[in-house]
Amino acid sequence: MTETNKTITEEQVAILKEYATEEQIEKFFSRLNYNYGGGEVLNFPQIESFFKGDMHKNTSTDILTVFIDTIRILRLVDRKEEDILGLDETSVMSLHDKLSSEYGKTVDNAKSAEYEKAVAPFQNLTGNYGKIKVELIRSLKELMHEGSRMRHCIATYDDIIIRKQYIGFRVYNKNNGERLTLGCYRAENSNELYFNQLKGPGNYPANKDSCVAILDFCKEKDIKIPESEVYDLMPAFRD
């Protein structure tokens, strides 16, 4: 259990084995360590709560991202991170949606101007690319609307977008009507982009057709796809 032992003690592993197999635990920590920064984003009580609520068994929704994002929003709105402990998957999703909606209710004018200045270099990425249409999320108001419409927490990325560390796009699949949000990391002091996530409404995964189209878009626009960030694009590689 290489990745697991990087993050927690043998005693803590034994606790998690009450809820999951070694394979499930190792899979969890492999993703946590590679996608979320060495696992430090979650403390052990939060990890135990995740497993105790059987969220590690979910294969249809990216509940780990929702769980981590919910904790991040709790920090942003000055609520205790402990509020997530003991919740099951349904309750975590409900808390996530409620916090995301509340966070996006106010738009500061000065902040709006900073946002628009930060994203301006990426206006040229808006356009049609085969089966998909990609649109830069150009304003703070649009970002808040995207979070509300898509029922995920893209609105809480406002500060890192303003700090020129992230960028968001609306995606439309013209063939099947699928609606997605694309998020990319932005390299420091550069306009170079790195794929981070592709989410449907409520963080639902994208279908194969859209994932393949996004891979083509990233290749055309020289958006790098780190191995650690390929999770949301996995449907493209399935039969």
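This is a predicted model: local features need pLDDT of at least 70, side-chain atom pairs count only at pLDDT 80 or more; totals for chains, interfaces and linings use all residues.
Residues are numbered from 1 along each chain as its sequence is written, and side-chain values use heavy atoms, with hydrogens and water left out.

The open sheet has five strands in the order β1-β2-β3-β4-β5, with antiparallel pairing. Helices (H or I, at least four residues) and strands (E, at least two) are DSSP runs, numbered from the N terminus; two strands pair if DSSP finds at least two bridges between them. At the edges stand β1 (127-129) and β5 (193-199), each of which pairs on one side only. From one strand to the next the twist averages 30°, where axes are lines fitted to C-alpha atoms, for helices over the stretch in contact, and angles run from 0 to 180 degrees between N-to-C directions.

Five bridges join β2 (residues 132-136) to β3 (residues 166-173) in the antiparallel sense. In this pair, Val134 is opposite Val171 of β3. Helix α8 (residues 140-150) packs on the sheet and touches β2, β3, β4 (179-186) and β5, its direction making about 130° with that of β4; contact means heavy atoms within 4.5 Å.

Most residues other than glycine have a negative phi. Asp54, in the loop between α4 (44-52) and α5 (63-76), has a positive phi near 60°. Asn203, in the loop between β5 and α10 (208-220), also has a positive phi, about 65°. Asp54 is partly exposed, with a relative accessible area of 36%, whereas Asn203 is buried at 3%. Buried means under 20% relative accessible area, exposed over 50%, and partly exposed in between (1.4 Å probe, protein chains only).
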